[in-house]
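Subject: Structure handover and notes

Hello,

Please find the structure below, with the sequence. My notes on it follow directly after.

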Amino acid sequence: MNQIDMKCVLVIDKALPLGLIANTSAILGCSLGRYMEEIVGEDVVDRDNFNHKGIINTPLPILSSTRDEIKALYNSAIKKYSGKITIIDFNNIAQKCNDYNKYIENLSCTFSDELNYLGICMYGNKKTVNSLVGSLPTLR
């Protein structure tokens with residue numbers, strides 16, 4: 001699919017403190033870069049011949065919602081569009097763990113309906129993503 005037909009958004013819990021909003025956004029962005037390498041542009045050289053590492057080559061709006069709405073959005077997106085769009089979550093279990101092995105252990109003992117999401121990232125067909133998040137406001 002043409003890059004122009006694709007859209008990427010982050011949806012973050014607007015009730016989080018600023019530090020957790022920044023942390024959630026950074027974590028989702030790192031994961032997005034791993035799974036969707038094509039969104040990171042090539043390195044760029046400036047006029048002084050200094051190299052600048054590639055950054056995301058598509059807009060990445062950060063939208064706001066409530067914890068309950070994000071959970072409903074995540075569940076709806078997984079049920080309707082799993083395999084059609086990329087959906088990455090950052091949940092309350094991950095946020096509480098400083099060790100990835102502990103996260104794996106804790107998540108494996110947690111039912112999906114017990115999870116709360118600090119934020120989610122969606123990447124896929126623009127019409128599909130817009131149908132899911134089109135009414136959400138920008139995070140301010």
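Helices (H or I, at least four residues) and strands (E, at least two) are DSSP runs, numbered from the N terminus. This is a predicted model, in which local features need pLDDT of at least 70 and side-chain atom pairs count only at pLDDT 80 or more, while totals for chains, interfaces and linings use all residues. Residues are numbered from 1 along each chain as its sequence is written, and side-chain values use heavy atoms, with hydrogens and water left out.

Loop between E2 and E3

Asn49 sits in the loop that joins strand E2 (44–45) to strand E3 (51–52). Most residues other than glycine have a negative phi. Asn49 is not a glycine, yet its phi is positive, at about 70°. Its relative accessible area is 62%, so Asn49 is exposed; the cut-offs are under 20% for buried, over 50% for exposed and partly exposed in between (1.4 Å probe, protein chains only). Arg47 belongs to the loop between E2 and E3 as well, and at 85% relative accessibility Arg47 is exposed. From Arg47 to Thr110 the separation is 63 residues in sequence and 52 Å in space, C-alpha to C-alpha.

Core

A nonpolar core here is a set of buried Ala, Val, Leu, Ile, Met, Phe, Trp, Tyr and Cys residues joined through side-chain atoms within 4.5 Å. The largest one has 38 residues, and Val11, Leu32, Leu73, Ile120, Met122, Leu132 and Val133 have the most contacts inside it. At least two residues of this core come from each of strand E1 (6–13), helix H1 (18–35), helix H2 (67–81), strand E5 (86–91), helix H3 (92–96), strand E6 (117–125) and helix H5 (126–133). In soluble globular proteins, nonpolar side chains tend to be buried together.

Leu132 touches Leu73, Ser76, Ala77, Tyr81, Ile85 and Met122, leaving out residues up to four places away in sequence. Contact means heavy atoms within 4.5 Å.

H2 against H5

The H2 and H5 axes come within 11 Å and cross at roughly 145°. Axes are lines fitted to C-alpha atoms, for helices over the stretch in contact, with angles from 0 to 180 degrees between N-to-C directions. On the H2 side, Leu73, Ser76, Ala77 and Tyr81 meet Thr128, Ser131, Leu132 and Val133 of H5. By class, this contact of H2 with H5 has five nonpolar, three polar and no charged residues (Ala, Val, Leu, Ile, Met, Phe, Trp, Tyr, Cys and Pro count as nonpolar, Asp, Glu, Lys and Arg as charged, and the others, Gly among them, as polar).

Elsewhere in H2, Asp68 is exposed at 58% relative accessibility.

Leu20

Leu20 is in helix H1 and is partly exposed, at 23% relative accessibility. Apart from neighbours within four places in sequence, Leu20 contacts Gln95 and Leu118. Leu20 and Gln95 are 75 residues apart in sequence, and their C-alpha atoms are 8.9 Å apart.

Aromatic pairs

Rings of Phe, Tyr and Trp (its six-membered ring) pair if their centres lie within 6.5 Å; planes under 30 degrees apart count as stacked, over 60 as edge-to-face and the rest as tilted. The count is two aromatic pairs. Tyr100 and Tyr103 form a tilted pair, 5.4 Å centre to centre with 55° between the planes. Both are in helix H4 (residues 100–108), three residues apart, so about one helical turn separates them. Tyr100 is exposed at 60% relative accessible area, whereas Tyr103 is buried at 14%.

Regards
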